Structures are given as structure tokens and as C-alpha cells.
Amino acid sequence: MQLIDGKKTAAEIKDEVAAEIALLKDKGGKVPHLVAVLVGSNGASITYVNAKIEACKKVGMHSSIVRLNDTVSEKELLEEVAKLNNDKDVDGFIVQLPLPKHISEKKVTEAISPQKDVDGFHPSNIGKMMLNLPTFLPATPYGILQLIERYNIETNGKHCVVVGRSAIVGSPVANLMSRNSYPGNCTVTLTHSRTVNLPEITRTADILIVALGKPEFITADMVKEGVVIFDVGITRKADSTKKSGYKLFGDVKFDEVAPKASFITPVPGGVGPMTIVSLLKNTILAAKGKMES
Ligand SMILES: Nc1nc2c(c(=O)[nH]1)N[C@@H](CN(C=O)c1ccc(C(=O)N[C@@H](CCC(=O)O)C(=O)O)cc1)CN2
């Protein structure tokens, strides 16, 4: 079994991104500017947004946070989005999800200018992704693709089973893994809460991507020997023995599943850090105006 070290790979990619930004600066180009909009005080969202800002600092990218109270109205948030769309100094921005229940994530996502949508969640960017046209790939699926490439994992002709059909991970990664190019060319099965006999299907996976948000859902009896596993789930459970006050769990019961896998991502330190570097890469593309059309 080989551990896929997302933390190490993300650090390597950050160095590459830093070099690219230094080159941009040398040529007198604009330093990319990423803005993160954070609504409310969800602990995990605060951690992720802070990690995004820290990563920007590390690579020499400009960044800022727009913090809004969780009582902000949908209209006020949409006004904030419109401001960022029109701000020439901002190359790309994200609205951290999830949003409070009274705000429609769909409306907010659709209000973001596709040229600044570095999360790659806007319907027109999702459409371009489906058609294999240049666009911002959603950060987590993009991170998984980069891990596949950097670990030289064979995907051609493999059966890739995706567990979970969310708009930000499961659905796009299923599409990307079926693309007619590497990393792709898989036969993909997208499973979800209504799937009948899930273990029968997961046992046929050569590559298993789990993005369900159910801690330790995938057990050893649900996978075959030699499977490659990407565990996207991150659940926090209170743990007073930890400095942070919580322990993180993936969707895969790591200790019993890892011995059967040929490659596996841990939680933490697997797919999560790759989500952040993918966002940085998308922001560089936005700053270079690569997605204007
Ligand atoms: N606007 C967005 N919202 C959300 C996205 C997204 O891509 N865009 N994805 C997730 C959260 N996410 C990024 O925002 C994210 C999740 C996890 C990590 C990460 O590095 N996790 C660490 C553990 C950190 C901890 O919880 O202590 C790890 O896995 O090692 C980064 C980003 C939902 N919302």
C-alpha cells in the first residue's frame, strides 16, 4: 500500500505556483488577487478560508476576506457578489460553502461572473467542463486529477466508482474521470443514496472516490484488493484529548481498508490540501485572463 501524500504534493505545487507568480512579477504583470467571502461562523469554513488566505500569502498572491454575519440577507450577499464582479482589482473570488439555510447557494453561484468563478461552480463553467472546453475545474476534483498524475496512477480502461453525487465533487469528478484523455478514460459508475447494493458495486472499483460526508462509511468488505482510493470526506467529531478540540474522520475506515488498497489518501493530509492549491492554480488562470470568452 502506498499512501498518497496530499500535503506533500500540495507543498510541491505551492512552490511551482510561487515560481509562476514571481515570474509574473518580474515581467511587470499583475499579482493575482483572490477574495474569499465567508458568511457566518461555521468552524470548518473559517478553517478552510484561513487556509486559503495563508496559502495565498505563501505563494505571494494577494488575498482578502469579506466577512459577513450569518444574518446577512440573500439580497445583501448578492450585492457583495456584484461588487466583486465589478472590482477590477479582483481576479477571482469564492463564496465559501455551505451558506446559511435562508440563502440560496444556487442563486449566489449563478451570480458570480464566470470569468472570476475560480471555484468552477458556475453553470456555464460546469457546462464547459462537460464539453472539455477550457475552464476552471472545481477545486477538489482538480486536486484528485493532479494526485493521479503525480502518482502515475493508471486510469485507462479502469472502473472508477464515485460515491456521492454532489455538484461540487461527485458529479464533476465522475465526468472528469470519463474524459477521453489522461487522467480519465475510465468506465465510471456514479453512486448515491438511492443506489441499491452499493457494496456489490464498490467491490468492482479499480478506483474508488468517496465524497459522502459519512464518517468511516467504506469498510474493508466493500473494496477489492489493489483498489486506489481517494477519500474526500472530512467530518469533525469533538475530542477533548486533541488541542483543536476535534478529531477528523474520512469517509473510509482507514485502518482496515488501507491494507487492501494499492494507493490511498489519508484524512487529514490527502485530498483536502489539494483543494486549496487547485484554487490557487485557478486564480492564476483568472489573472492571466485565460478563461475570457
Ligand atoms: N466555495 C467552496 N466551498 C467549499 C469547497 C470549495 O471547494 N469551495 N470545498 C469544501 C471545503 N474546502 C474548501 O473550501 C476544503 C476542505 C478541506 C480542506 C483541507 O485542507 N482539509 C484538511 C483538514 C483541515 C481541518 O479541518 O482541520 C485536510 O484534509 O488535511 C481544505 C479545503 C466545502 N466548501
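Me: How do you know where a helix or a strand lies here?
Reply: Helices (H or I, at least four residues) and strands (E, at least two) are DSSP runs, numbered from the N terminus. This is a predicted model, where local features need pLDDT of at least 70, side-chain atom pairs count only at pLDDT 80 or more, and totals for chains, interfaces and linings use all residues. Residues are numbered from 1 along each chain as its sequence is written, and side-chain values use heavy atoms, with hydrogens and water left out.

Me: Where is Arg165 found?
Reply: Arg165 lies in the loop between strand 5 (159-163) and helix 7 (170-177).

Me: Why is Arg165 called partly exposed?
Reply: Buried means under 20% relative accessible area, exposed over 50%, and partly exposed in between (1.4 Å probe, protein chains only). Arg165 has a relative accessible area of 43%, so it is partly exposed.

Me: What makes a residue a contact of Arg165?
Reply: Contact means heavy atoms within 4.5 Å. Leaving aside neighbours within four places in sequence, the contacts of Arg165 include Gly170, Leu190 and His192.

Me: Why does Ile234 count as partly exposed?
Reply: Its relative accessibility is 36%, which falls between the 20% and 50% limits, so Ile234 is partly exposed. Ile234 sits in the loop between strand 8 (227-231) and strand 9 (235-238). Leaving aside neighbours within four places in sequence, Ile234 is in contact with Tyr48, Leu248, Phe249 and Val267.

Me: Which residues does UniProt list for "binding site"?
Reply: The unreviewed UniProt entry lists Gly164, Arg165, Ser166 and Ile234. Such positions are given in the numbering used here, feature names are shortened, and annotations may be inferred rather than shown by experiment.
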